Amino acid sequence: MTLLSVREVSKRFGGLQAVSDLSFDVAGGSIKALIGPNGAGKTTLFNLISGFLQPDSGEIVFGGEEIRKLSSCRIASRGMVRTFQHIRLFPGMTVLENVMVGRHVHSRSGFLAGMLNLPFTWKEERRIREKSLEILELLGIGAFALSEATSLPYGRQRIVEIGRALACEPRLLLLDEPAAGLNMRETGEMGKLIEKIRGMGVTVLLVEHDMSLVMKISDEVVVLSYGKKIAEDRPLSIQKNREVIRVYLGDDQ
Amino acid sequence: MVRRYSAVFAFALFLVAIQLATLFAGAGYYLTQLTMTAYYSLLTIGLCMLIGYAGQISLGHAGFFAIGGYVSAFLTTCDLTPHKGSALVSLLSKSGVLVFRPGLYGGTLLTVHPWPACVVAILLTVVIAYLVGGPVLKLRGHYLAMATLGFGIIILRIVLGTESLGAADGISDVPGFPLFPGLAISGDSSLRVSNYYMAWGLVILGMVFLLNLVHSRVGRALAAVHGAEDAASAVGIPTARYKLHTFVLSAVFASLAGVLLTHYNGGIGPSEASVMKSVRYVAIVAAGGMANLWGALMMSLVLNYLSLRGYFGTFDDAVFGIILLLIMLFAPDGLLRRHILADLGRMFSRNAAGEEGS
Amino acid sequence: MLRSGACARSACSRSLHEERTKDLEFFFQYLVAGITYGTIYAIVAIGFNIIYNATGIINFAQGEFVMLGGMTAVTLHRFMPLPAAILGAVVLTTIVGAIIEIAFIRWLRRPSVLRMIVITIALSILIRETALHIWGESVRSLPYFTGSSMTSFQWGGVYVSPQILWVIGIGVFVVAALGAFFNLTMLGRQMRACSANRDAARLCGINAGNMVTLSFMISAAIGALGGCIICPITYVQYDSGTPLAIKGFTVAILGGLGNSTAAVGAGMILGILESFSIWVLPAAYKEVIAISILLLILFVRPSGIFGSAEAARLKDF
Amino acid sequence: MREPASPVSIGSHDYERKEEKMRKYIGVVLGALIASLISGAFARAAEPIRIGAIFAVTGPASFLGAPEAKTLEMLVAETNRKGGVLGRKIDLIIKDSGASPEKAVSFAKQLIEEDKVFAIIGPSTSGETMKIKGIAEQGKTILLSCAAAEEIVNPVAKWVFKTPQKDSDAVIKIFQEMKRMKISRIGVLSGNDGFGNAGKGQIEKLAPQYGITIAANEVYDAKASDLTAEVTKIKAADVQAIINWSVVPAQAIVIKNARQIGIKVPIFQSHGFGNIKYVQAAGAAAEGVMFPAGRLLVADVLPKSNPQRELLIRYKKNYMSFCSGEECSTFGGHAYDAYTILLKAIGQAKSTDKEAVRTAIEHLKGFVGTGGIFNFSPTDHNGLNVDAFEMLTVKNGKFALLKK
């Protein structure tokens with residue numbers, strides 16, 4: 001069953017063809033990785049999928065619905081949530097509050113209800129808090145709930161960001177280089193965490209440079225080079241793919 | 001939440017204490033300027049919500065104040081007696097929208113009742129704020145400042161150039177605003193105490209609303225938008241809509257303040273729409289510490305009161321300039337937060353979304 | 001060709017041809033008015049742009065430099081001939097510009113846009129109020145550089161005051177001189193390097209702080225010069241800076257922030273627009289029209305008429 | 001008891017006379033000390049008469065408020081030097097409204113309820129006056145406005161008076177002159193301030209009575225830097241004369257621009273032109289401009305027989321020495337008249353009962369002021385008519401009587 005389907009998507013910036021005629025599918029419940037050398041267009045592709053950029057042409061279908069024209073927040077509310085390569089936590093907020101923001105799409109009270117502080121909003125607020133704490137516990141950072149998020153070490157900030165995304169209860173989670181800046185041990189933990197997330201029924205699409213992590217956890221890998229897809233296969237086959245090796249190691253045959 | 005309301009309660013007690021103090025000192029007249037200050041404070045806390053929490057500067061909020069004040073003043077002073085015969089006018093007067101009232105210098109006038117006038121003013125403000133806010137809030141930084149400044153200037157020019165709005169003289173002889181029997185917003189000195197409590201009661205109500213909002217789901221979302229807009233939108237927060245709603249909310253606060261102060265003062269002039277006024281409001285919010293409703297309220301109370309009493313003499317604008325400059329240079333997070341409230345606990349610092357937006 | 005002295009003629013006796021010539025004359029007269037406005041606005045806008053380029057700040061006190069220039073020149077003119085007074089006024093205002101930068105701007109670390117907007121607004125208020133308490137509320141003006149307030153050149157039915165030619169001439173000179181300075185001199189190149197990338201410039205041994213001070217001085221000087229040359233046409237009063245600053249800011253945005261050549265074009269557009277709007281609409285709404293158009297342009301093309309959209313996106317706010 | 005404790009509350013102004021102020025200040029402190037030492041009881045018996053003033057000393061109407069404030073300070077100092085009125089000193093409180101009506105409202109309430117002033121002089125602008133007209137009425141306090149608009153005294157409010165001449169009289173004076181010059185088609189320019197607005201209304205109202213058509217009617221911004229486009233529109237309307245009705249400095253630009261684009265028709269100004277600085281700002285273009293004004297500006301050339309002559313020359317001289325060489329304008333004269341009328345009425349009523357003084361003002365006849373000869377009545381709270389005006393012109397950069 002296909003959750004996300006990218007069909008012949010292209011994006012051009014001035015003279016640079018960042019993504020050209022790219023197609024791939026992400027099956028529900030799988031972990032799929034996007035790899036490729038620097039400048040291959042991975043982050044651009046993420047931005048296209050998550051609605052931060054509009055593709056010049058092509059279709060993006062998520063859960064059977066065309067989402068190309070939707071804004072990023074609409075897409076998020078439909079169950080596709082992303083993280084950022086450079087961590088974007090909300091400054092001045094605690095870890096818990098950061099995650100509570102993630103519950104936004106699952107709560108309703110608006111300006112009027114917020115101003116009047118109706119009983120209904122208290123209850124909702126309590127539910128948001130409980131659910132967020134639950135997520136923090138699940139990620140093993142419950143102890144830091146009341147620390148200011150941006151004061152945590154880098155690795156924990158990543159986890160908070162993922163926690164915030166999980167609070168949206170996404171069907172598809174887009175992770176942009178989740179292991180960037182992490183040490184070996186932390187990368188290992190991140191791998192376990194991603195598998196755990198998949199275990200919760202969340203489909204994962206990630207961009208990652210760390211090959212060991214990619215090979216270990218992903219079900220399928222898409223390789224990009226200069227905005228084009230040059231391979232899509234299981235990790236083991238990708239490792240043997242001549243084209244991929246050529247792209248990564250240079251053209252020395 | 002208890003803390004939130006205890007601060008409000010303390011503030012209410014403070015206001016009562018002031019009233020009692022003036023009563024015992026036989027100096028009830030101090031309440032006049034305090035009442036006027038209350039209405040300016042209403043605008044200020046609304047603007048604080050926009051600047052501090054949604055991170056959007058507005059150099060045109062005097063424009064919304066003027067829209068409220070002028071619409072209400074125009075409707076409640078425009079004499080429709082000559083059109084008494086027309087079907088619409090007679091229908092309106094039958095339905096109670098139009099009332100006969102004695103003119104200040106004799107004769108009777110047929111004018112719109114303050115209640116419907118107020119409703120029209122607020123509705124018009126909402127419409128204008130939505131129309132203007134939509135495109136304006138797409139802009140950032142200097143462009144946003146320019147666009148809001150431009151909006152303010154347009155309102156000022158329209159007010160100055162339109163004869164039915166009194167051009168440079170503004171509108172005078174605006175009647176009081178009867179809220180319910182025995183209680184009216186009016187500058188009459190016999191109603192001074194009740195007006196004082198009414199005005200500040202409204203400010204407290206506004207404060208409660210805004211404090212609730214800040215600590216609600218919406219407030220959290222606004223802080224998120226202010227802190228990292230793209231991340232907020234990635235978790236499904238409609239950033240543009242939230243900014244717009246906050247803009248409209250603050251415009252309504254400004255407009256309501258305009259309506260009520262106009263009835264209290266008995267008139268309004270174009271100086272209320274001037275750029276300097278807008279700058280003043282921003283100055284007060286900045287002095288209060290941007291994302292700090294209590295700071296904005298306190299600064300507004302002190303500065304507006306001193307200014308309205310004429311303590312600054314010919315240095316009125318200069319004093320605002322100096323305050324603005326010193327605070328922005330040495331305490332951009334505001335005076336109150338840094339020294340006083342920081343000691344009172346983390347009540348506010350948690351919601352302080354750091355350095356103001358850009 | 002008909003000229004002035006119109007009182008005796010009744011409107012109906014005019015022939016169609018005369019009517020056309022008349023219309024054409026008025027067209028050019030409005031055009032001249034528009035160009036005059038435009039040049040004044042552009043000179044103020046250039047001051048905005050220079051500081052913006054060096055610091056990313058919009059200096060809302062720019063109009064006050066114009067006022068200071070005019071005021072100082074009028075005061076100095078009591079003791080010395082006009083050229084010396086103008087020179088003195090420009091020098092003094094330049095010093096004020098330097099002092100402002102050193103005292104209030106230099107030591108701030110990465111201030112946010114909002115903070116800088118508020119600081120420069122505060123400075124503008126303070127300069128204005130200081131001027132009020134130094135010079136009082138009265139109106140002053142400089143004599144016309146050539147001729148008097150009566151003299152004007154005349155082409156057909158179109159009249160141009162010599163002072164307007166001075167304004168335009170000096171405006172052109174300022175733009176040309178700035179272009180030469182930024183492109184041909186070492187110092188100018190260093191300033192450009194700073195505005196492009198402050199950190200990289202610093203690595204190359206350029207003192208970025210001094211470059212910012214210099215930018216304040218240059219824009220203060222241009223403002224003061226502008227103040228002196230427009231002072232005979234208008235007049236100068238302690239609060240005549242603010243309206244000019246608003247117009248200058250409008251023009252700077254219209255042209256695309258940071259682009260001085262575009263500011264001249266934008267100034268012309270705004271000036272001519274204002275001037276012709278009077279032709280068809282009551283003058284009371286002149287500014288409403290100008291600013292509405294500015295807002296529309298901002299909504300459609302936030303980068304200004306001449307700016308490139310990509311460039312505007314790169315500017316970090 | 002030298003240098004009595006008069007200027008204690010002269011207000012917080014600073015008029016380029018810091019040194020003098022300092023000296024004055026020391027004098028005041030010493031005087032107050034001595035006074036309090038000599039006798040408390042005596043001082044209580046001669047409690048000062050408190051007069052409030054609201055002027056736009058700063059802000060967009062400072063050219064009105066500043067000379068008004070200076071004039072009042074000068075006059076009060078003079079009265080107190082002479083021993084006050086009815087043996088009581090005058091205590092003056094000046095408030096700077098910055099031409100904002102909301103501040104005027106605040107100050108009016110303060111002065112009436114808190115300072116319990118005997119009377120209020122000012123405000124400088126019509127907009128402000130209209131906002132506090134009702135407050136003065138309710139507070140039963142005499143208000144002597146220095147603003148021009150007719151609606152201040154029409155309808156008549158019991159406690160509200162004004163000293164500047166009527167706009168309508170100025171318009172009539174101009175139209176009479178136009179009739180003499182056989183002008184029937186005019187262009188009107190007016191400033192976008194209260195003065196301009198009020199005058200524009202009167203011109204529109206009265207023009208048909210004098211058979212004059214208004215071919216062009218434009219309003220310009222008080223802060224404009226060039227008005228060529230506006231005057232071009234007037235030129236295009238092919239008029240025989242221009243009325244430039246304004247009190248703001250920008251009116252000088254109109255004159256310059258009009259002459260520069262080759263408009264040669266006569267230019268009429270309002271009585272708001274009565275400030276020599278505007279003539280200086282307009283330079284050569286101001287030559288030949290005609291305008292109605294009180295006789296203050298031409299005091300020196302008035303015939304000896306003129307009853308105002310002596311007073312005007314004295315005011316001019318005193319003002320100049322009080323303000324270190326600054327020329328007086330007709331605006332300061334409005335405050336002069338307001339103050340002297342008040343004092344005269346107190347003298348006639350022989351008491352400081354507000355009602356009695358108010359009635360005394362209403363019955364003042366033939367009172368000589370800077371603005372003209374005032375004849376008040378219960379239905380006329382201005383007391384001036386068209387004779388208050390003289391048609392003036394500018395000759396060699398100076399004001400002169402228009403020779404008929």
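Predicted model: local features only at pLDDT ≥ 70, side-chain atom pairs only at ≥ 80, totals over all residues.
**Entry 1**

Next I listed who touches whom. H6(B) brings residues including B:Tyr143, B:Met146, B:Phe151 and B:Arg157. From H11(C) come, among them, C:Glu287, C:Ile291, C:Ser292 and C:Leu298. Sorting the residues of this contact by class, I got twelve nonpolar, two polar and two charged.

**Entry 1: a helix pair inside chain D**

Here I picked H6(D), residues 167–180, and H7(D), residues 194–206. The two axes come within 9 Å, and the crossing angle is roughly 55°. That makes H6(D) oblique to H7(D). I noted this crossing as right-handed.

On the H6(D) side I found D:Asp167, D:Ser168, D:Val171, D:Ile172 and D:Phe175. They meet residues of H7(D) including D:Phe195, D:Gln202 and D:Leu206. The class count for this contact is seven nonpolar, three polar and one charged.

**Entry 2: where chain D meets chain C**

How many residues does each chain put into the contact? I have 45 from chain D and 47 from chain C. About 3,800 Å² is buried between the two chains, and carbon and sulfur atoms give 54% of that. D:Lys223, D:Asp238 and D:Gln260 supply 17% of the area that chain D buries against chain C, more than any other three residues.

**Entry 3: a sheet in chain A**

Last, I traced an open sheet of six strands in chain A. The order reads E6-E7-E8-E3-E9-E10, and the pairing is mixed. Why do E6 and E10 each have one side without a neighbour in the sheet? Strands E6 (80–82) and E10 (228–233) stand at the edges, so each has a single partner strand. From one strand to the next, the twist averages 15°.

I then zoomed in on E7 (172–176) and E8 (203–207), which run parallel and are joined by five bridges. A:Leu172 stands opposite A:Thr203 in E8(A). Helix H6 of chain A, residues 154–166, lies across E6 and E7, running at about 155° to E7(A).

Technical notes. Residues numbered from 1 in each chain as written. Chains lettered and ligands numbered in written order. Heavy atoms only, no water. Pairing = 2+ DSSP bridges. Helix = DSSP H or I, 4+ residues; strand = E, 2+ residues; numbered from the N terminus. Axes fitted to C-alpha atoms, helices over the stretch in contact; angles between N-to-C directions. Contact = heavy atoms within 4.5 Å. Nonpolar A, V, L, I, M, F, W, Y, C, P; charged D, E, K, R; others polar. Buried area = accessible area lost by both parts, 1.4 Å probe. Parallel < 35°, antiparallel > 145°, perpendicular 65-115°, else oblique. Left-handed = near helix turned anticlockwise from the far one by under 90°.
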